Amino acid sequence: MCEELTRRGFLKGSGVAILGLPLLSSLSPFAFAKKKYETKRVVLVAFAGGVRSRETVETPANVPNLMRIAQQGVICPNVNVMNNGHFGATMSIFTGRTEYAGIRENERGENPTLFEYVRKDKELPAQTVWLSTSGGAQQRNLVYSSHKDYGEKYGANLIDADGVFNTEFQRVISSFGTPSVPSESEEAAVAGLRGAMAPPPTVKAGLANDPETIQRLQKYILEEISGRTAQITGPGASDARAISVAVSVLRIFRPTLMGVVLQNADVAHGSYNAYVEVIRRADEQLGRLWDSIQADPELRDSTTVMVLPEFGRDRNFNQRNGLDHGDNSPELRKVGMFAAGPDFKKGKTITKDLRSIDVCPTACELLGATSSLSDGRLMSDLLVR
Amino acid sequence: MALLVIGLAAASFAAPPLSAPAAPDLLYFERHLAADLNQRCATCHSDPEMADHFAFEPLAGADRGPLLRNFRSVLGFLDPDDPARSPLLRHALGMEGHPGGALYASTTRADYEALLHFAMGATLSNRPPEAILPKRILAKVGEQVRIDGSLSGDPEGAELGYRWELTERPTGSASRLDAGEGGGARMRPDQPGAYNVTLRVHDGALWSLPTTLLLLAQAPDAAVVPQAPAGTPEAKRPLVERRLDPQRLRRVRRLYLDLQWRSPTLPEIEEWYERTHEEMVDAFLGSEEAWSAWFEQQLYYLLLLDQFRPKEGRLVTLPARLAKGEIDAPRALEEIVRSQYFNARNPGNDTFVTVVLEQCLGLVVQQRENKLLLEAGKKMYDGYKTALFRDKGDSQADFVRIVFAQREFHRHFLGRMWKEFHGTPMEVKRLDAEAARLAEEPGAYRALLRGWLTGPEYLKGCDEARTKPEIPYVRALFVDTLGRTPVYEEMRNVRNAFLSLADPTPIRLVMGRVLLESPEARIPVTAVDPARFVREQFVRLFARLPEGGEEKAFVAALKEDPRVTPRVVLWTLLSSPEYQSY
């Protein structure tokens, strides 16, 4: 069989990439494969729902916490995006390819996601890669693709906070009494009995969390069901819950890769004021996320945080004093990204044109993985050389 | 599977029909809500041009115009028949995807209560009464239970009328609810399982919200079966004391989970173990519980959930009619698609036609070759005479009729059903042949299904473990811990939580623990006969006897380790990877 000759194939075959020729180093992600980065963890927040730079980068008062993050890293006001509906545009961030998924489509994408690249390349177990979403069946499809060489066995763990930490489920639970966490003595007794049990029958491998992860997740869910997250209310509550879950996952599992997908900003269709309120609340929560990382000596010096919307919004108000997303104006097609971490420049604004599909290969690169099917490129201008 | 029934009982005085709810009151709105809603809603909803949306104007001093317009606007978002589920209230609580999230911190606070009372028709001089029932009652099958609603009350002290309904009962139950004097009612459960008893009270002008009591009927305690004396013939010994055929146990369990969407109880295993697989298939294909599971499966497939789930009328009698052979499965599916619930779930020509073509024929309407079909279907739906699949029609009903007459519908339907039972696609030639037969003879589905379930592919599949799907898992967990299936609200919320994790194992375990720890779980404090207890749990939960080492370890732990109680044994089994599959 004859392999199609591509630039990437050529580089791979000829060994040019391995030699790391300086001329090509800014073009090929492979050329950076040998560079050592300080980043050990990436937190990628898709500030989805459609958020313009005008309300973030250009109005720092709305996002004091994101500006605080940027002081430790970079602001990129010229990240180019495609408006392919929330689902497709968000998926593009995670796959590094322009995705044309329909607005109501509820299927997994064909292209591997950042989660799958990192897990497969780094041979990571399931508990090291996570996605926290703010609701909606579509977002659950982001954890893995239908690609034959990747798929569920390399997927991310997912928690959709709206589905599990809500008052209706809480009511069902409380109707049976107060759930408890197993005591150490009970756990020891159960472990003893389980050790005597025959191996379970083999079933098709899914995400395959190890028993310890399952046990830790159980404890977390038990604590959280009656805890704060289910009680979060008001505008942007789903986003706030998703970020709150991410803070907990970082604390408990210290994942290599943590994705967060928000969505409440889409309230902008009906109300500009509510949209701004959602942005401010998400910023507040992102500040908590950032602070929790900075307060943890292990995470502080090894974690990269990247925050960007999937697209912006229209330049002008609609008839309801809201903002749609369909005019193809620069306000829609260019978004602002905030990023900081041990390998990023500090306190810089990078005005170079970038693309949202460059996020996936950049995150992969920082973690030592390769997004081989991505169309994006390493955002090398953001990094300390 | 529970079946919805309505049995109205007499009241203290003649309560008006539920179809006569009180109208919302302008003066109450003005006094208690106008200013509050102005603060909460006007920020986002102040644009009067929001044609399809909820418009709410800022109040303007003495000008009553905005007040009256706001009142009219609010009326469009109330559901007088079910005030608590009014869109206005649900959105205010952050439900149904309200972009502004929850506007009220709690449903028990006075500000929210004022909104609710308004939706119920409160006036300045009359607030709604409140129906009060115990939350849960445990009862024994066959014993009469008295239900006390006399704690219900009215803020103004009005005399109350009582309306009792038995809104859910176990399949096969014919129990009736009889109203008594002074706000009481009586019933005698005739089947084990969950019964929902709902009460609403009326103060002469206003209805209360319904309140529901969960009555859990348990089979009378089985007498402790004495140990069979030595020399008793094998077939006469209790099941778990015999040498058991693991294949037969697996098949019993598989049929329960596949056809009834739950696990079997120990007596059921005992009953079916002795009979042939074919006998069991035949019995299940004539059982209402199995067709109830099929019905729920179709509702889930068509996303007729929550407010779109059929609650009453002829549609909810489908499982009984299917069990009796009064209707065949393809026609039952067509009846669902023709229902008001499907119509409400898929409003408008584009959505309705797209969903029918996609869900019933398996077409992807966005593909270029299918766009003409979509357009033709939409025209027909709109009443224009149009040809579709070489047939003509000019109505929504014609469109459905034509789609359900297609060979492709039968192919798609059978392919989907086969995959449910086997986990793999059906071989193409066989699918073509069976679809052709079903198109000719719609009543053949039951015979085809019998052939599948007794065929070599299915029987081979019984020997290979499969992960339990979410809904059967939820129902099996309730049966295995509480001895009953969940009522719909329990099932819906637990299922949604399970679907919120990529790996549902941890939340499944959490739910298992919650149920095991509940007072409703009937777990002995100590195992009188540890060996028998352990064997019973293995057979019940894993469809196998414990292996030698397992039995020895569990029995020894029960006898000697004070930490190990029957509850700990059950938790060990329920939380083991083996319980995740069947």
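Which residue stands opposite Leu158(A) in E4(A)?

Modeller: This is a predicted model, in which local features need pLDDT of at least 70 and side-chain atom pairs count only at pLDDT 80 or more, while totals for chains, interfaces and linings use all residues. Residues are numbered from 1 along each chain as its sequence is written, and chains are lettered from A and ligands numbered from 1 in the order in which they are written.

The residue opposite Leu158(A) is Leu131(A). Leu158(A) belongs to strand E4 of chain A, residues 157–160, and strand E3 of chain A covers residues 129–133. Helices (H or I, at least four residues) and strands (E, at least two) are DSSP runs, numbered from the N terminus. E3(A) and E4(A) pair in the parallel sense, over 4 bridges; strands count as paired if DSSP finds at least two bridges between them.

On E4(A), Leu158(A) and Asp160(A) point one way, Asn157(A) and Ile159(A) the other, and all are buried. Buried means 20 or more other C-beta atoms within 10 Å of the residue's own, exposed 12 or fewer, and partly exposed in between, with C-beta atoms placed from the backbone.

E3(A) also meets a helix. The buried residues of H5(A) pack against E3, helix H4 (85–95), strand E5 (257–261) and helix H15 (359–366) of chain A, where contact means C-beta atoms, placed from the backbone, within 7 Å. H5(A) spans residues 114–122, and its buried residues include Leu114(A), Phe115(A) and Val118(A). After H5(A) comes Glu123(A), with a positive phi near 50°.

Definitions and conventions: Two residues are in contact if their C-beta atoms, placed from the backbone, lie within 7 Å.
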